Amino acid sequence: MSLTEAKNLELLQAFTLHEEQRKEQRKTKRRATMGAYIRYHSIAAPIVKLGGLSANSPQHGLSGSDHKVTALRYCTRNFVTFSDPRIVPSFLQKQTHKITPAEKLYCPVTRLPAKYMDPLTGTPYATT
C-alpha cells in the first residue's frame, strides 16, 4: 500500500466520523407543544357531478362502473381549532386600539408632500 493511499484512507475515515457526528447533532426531537395553541387548516375539495344520473333514476347512487364522475369546481373549507376552549373569547374580541395613519412626509427643500425617498439618506423629496 502506497503512502498516498494510506493517507487517503485515514482522511476518509476521519471525514466519515465527522459526518456521522454532524448527523447526530442535526437530529432534533419534536418538542411537545406547551400551553394553548390555535391551529388553522384549509382544504379544497372538488364539487362533483355524476354524469348520466338523475335523482329519479332507479340506479341513483355511486354503484355501477359506467357512471362518470367529473369535477366542475372546487370549494374550500377553513377550520380554526383551539386547544383550550377558554382562549376562544379572547381570540374573538374586537380590537380596541385605533389605527393611526402614517405621518405624511414633506420635502425639506420645496416643503411639498414627498413622492420619493433618497435610498442612501432616507430623506424625502417631492421632485427628482
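**Close-up views of a predicted model**

View 1. Phe91 sits in helix α2; helices (H or I, at least four residues) and strands (E, at least two) are DSSP runs, numbered from the N terminus. The model is predicted, so local features need pLDDT of at least 70 and side-chain atom pairs count only at pLDDT 80 or more, while totals for chains, interfaces and linings use all residues. Residues are numbered from 1 along each chain as its sequence is written, and side-chain values use heavy atoms, with hydrogens and water left out. At a relative accessibility of 45%, Phe91 counts as partly exposed; buried means under 20% relative accessible area, exposed over 50%, and partly exposed in between (1.4 Å probe, protein chains only). Together with Ile38, Tyr40, Val80 and Leu92, Phe91 makes a nonpolar surface patch of about 530 Å². Two or more residues of the nonpolar patch come from each of β1 (38–51) and α2. Patches are made of residues with over 30% relative accessible area and no salt bridge, like charges being joined within 9 Å and nonpolar side chains (Val, Leu, Ile, Met, Phe, Trp, Tyr) within 5 Å.

**View 2. The salt bridge between Arg22 and Glu19.** The closest N and O atoms of Arg22 and Glu19 are 3.3 Å apart in this salt bridge, a term for a side-chain nitrogen of Lys or Arg within 4 Å of a carboxyl oxygen of Asp or Glu. Both residues belong to helix α1 (residues 3–26), where they are three residues apart, about one turn of the helix. Arg22 is partly exposed at 38% relative accessibility, and Glu19 is partly exposed at 21%.

**View 3. The salt bridge between Arg86 and Asp84.** The structure holds two salt bridges; in the one formed by Arg86 with Asp84, the closest N and O atoms are 2.9 Å apart. Arg86 is exposed, at 70% relative accessibility. Asp84, at 18%, counts as buried.

**View 4. Lys115 and its contacts.** Lys115 lies in the loop between α2 (88–92) and β3 (116–117). Its relative accessible area is 66%, and Lys115 is therefore exposed. Apart from neighbours within four places in sequence, Lys115 is in contact with Tyr125 and Ala126, where contact means heavy atoms within 4.5 Å. The C-alpha atoms of Lys115 and Tyr125 are separated by 6.2 Å, with the two residues 10 apart along the chain.

**View 5. Cys75 and Cys107.** Cys75 is partly exposed at 22% relative accessibility, whereas Cys107 is buried at 3%. A search of the whole structure finds zero disulfides, a disulfide being a pair of cysteine sulfur atoms within 2.5 Å.

**View 6. The whole chain, for orientation.** The chain has two helices and four strands, in the order α-β-β-α-β-β from the N terminus on. Of its 128 residues, 5% are buried. Among contacts between residues at least 6 apart in sequence, 43% join residues at least 24 apart.

Terms used:
Accessible areas come from the Shrake-Rupley method with a 1.4 Å probe; for residues, only the protein chains shown count as cover.
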